[in-house]
Amino acid sequence: MPCVVLVRTAWQCDSSPINRMEDGMDTADFDELAGRLEGVSRAVLHIAAALEIKGIIDGPQLSQAWRSALPLPGFDVAGRTLQELALALDDARSQRQALGA
């Protein structure tokens, strides 16, 4: 029987301008990179939720680990992304619990 994983993501972006490295990245390249990162993030969430459902990992502990990850200088976006992933995993858990899954 396949494992059903309910994961909803609502990525919140701030309105600050993004520096696309003056000469290096055009809009198409940026969109490609952003799409790939979104895909990887969703895959990580689906895997984490599936492993949590099967009891292989402790989802709340994973969320807390993502929230408490030490910030790396110059990687503020990575820290925000981990916060968003933690929130999305917690939201998915709440949704599953509300549905009785």
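**View 1. Helices α2 and α3 in contact.** In this predicted model, the axes of helix α2 (residues 59-67) and α3 come within 8 Å and cross at roughly 160 degrees. Axes are lines fitted to C-alpha atoms, for helices over the stretch in contact, with angles running from 0 to 180 degrees between N-to-C directions. That angle makes α2 roughly antiparallel to α3 (roughly parallel is under 35 degrees, roughly antiparallel over 145, roughly perpendicular 65 to 115, and the rest oblique). The crossing of α2 and α3 is left-handed, a term used when the near helix is turned anticlockwise from the far one by less than a right angle, with right-handed used if clockwise. From α2, the contact takes in Gly59, Pro60, Leu62, Ser63, Trp66 and Arg67; from α3, Leu82, Gln83, Leu85, Ala86, Leu87, Leu89, Asp90 and Arg93. Contact means heavy atoms within 4.5 Å. By class, the contact of α2 with α3 has eight nonpolar, three polar and three charged residues (Ala, Val, Leu, Ile, Met, Phe, Trp, Tyr, Cys and Pro count as nonpolar, Asp, Glu, Lys and Arg as charged, and the others, Gly among them, as polar).

**View 2. Helices α1 and α3 in contact.** α1 and α3 pack with their axes 10 Å apart, at an angle of about 45 degrees. That makes α1 oblique to α3. The crossing in which α1 passes α3 is right-handed. On the α1 side are Ser41, Leu45, Ala48, Ala49, Glu52 and Ile53, which meet Leu85, Ala88, Leu89, Arg93 and Arg96 in α3. Seven nonpolar, one polar and three charged residues make up the contact of α1 with α3.

**View 3. Helices α1 and α2 in contact.** The axes of α1 and α2 cross at roughly 145 degrees and come within 9 Å. Val44, Leu45, Ala48 and Glu52 of α1 make the contact with Gly59, Pro60, Leu62 and Trp66 of α2. By class, there are six nonpolar, one polar and one charged residues in this contact.

**View 4. The largest nonpolar core.** Eight residues make up this core: Leu45, Ala48, Ala49, Trp66, Leu85, Ala86, Ala88 and Leu89. The elements giving two or more residues to the core are α1 (27-53) and α3 (76-99). α3 gives the largest share, four residues. A nonpolar core is a set of buried Ala, Val, Leu, Ile, Met, Phe, Trp, Tyr and Cys residues joined through side-chain atoms within 4.5 Å. Buried means under 20% relative accessible area, exposed over 50%, and partly exposed in between (1.4 Å probe, protein chains only).

**View 5. Leu62 in helix α2.** Leu62 lies in helix α2 and, at 22% relative accessibility, counts as partly exposed. Not counting residues up to four places away in sequence, Leu62 touches Ala48, Ile57 and Leu89. The C-alpha atoms of Leu62 and Asp90 are separated by 9.8 Å, although the two are 28 residues apart along the chain.

**View 6. His46 in helix α1.** His46 is found in helix α1 and is partly exposed, with a relative accessible area of 36%. His46 and Ala92 are 46 residues apart in sequence and 9.5 Å apart in space, C-alpha to C-alpha.

**View 7. The chain as a whole.** The chain has three helices and zero strands, in the pattern α-α-α along the sequence. Helices (H or I, at least four residues) and strands (E, at least two) are DSSP runs, numbered from the N terminus. Of the 101 residues in the chain, 19% are buried.

**Notes.** Residues are numbered from 1 along each chain as its sequence is written, and side-chain values use heavy atoms, with hydrogens and water left out. In this predicted model, local features need pLDDT of at least 70 and side-chain atom pairs count only at pLDDT 80 or more, while totals for chains, interfaces and linings use all residues.
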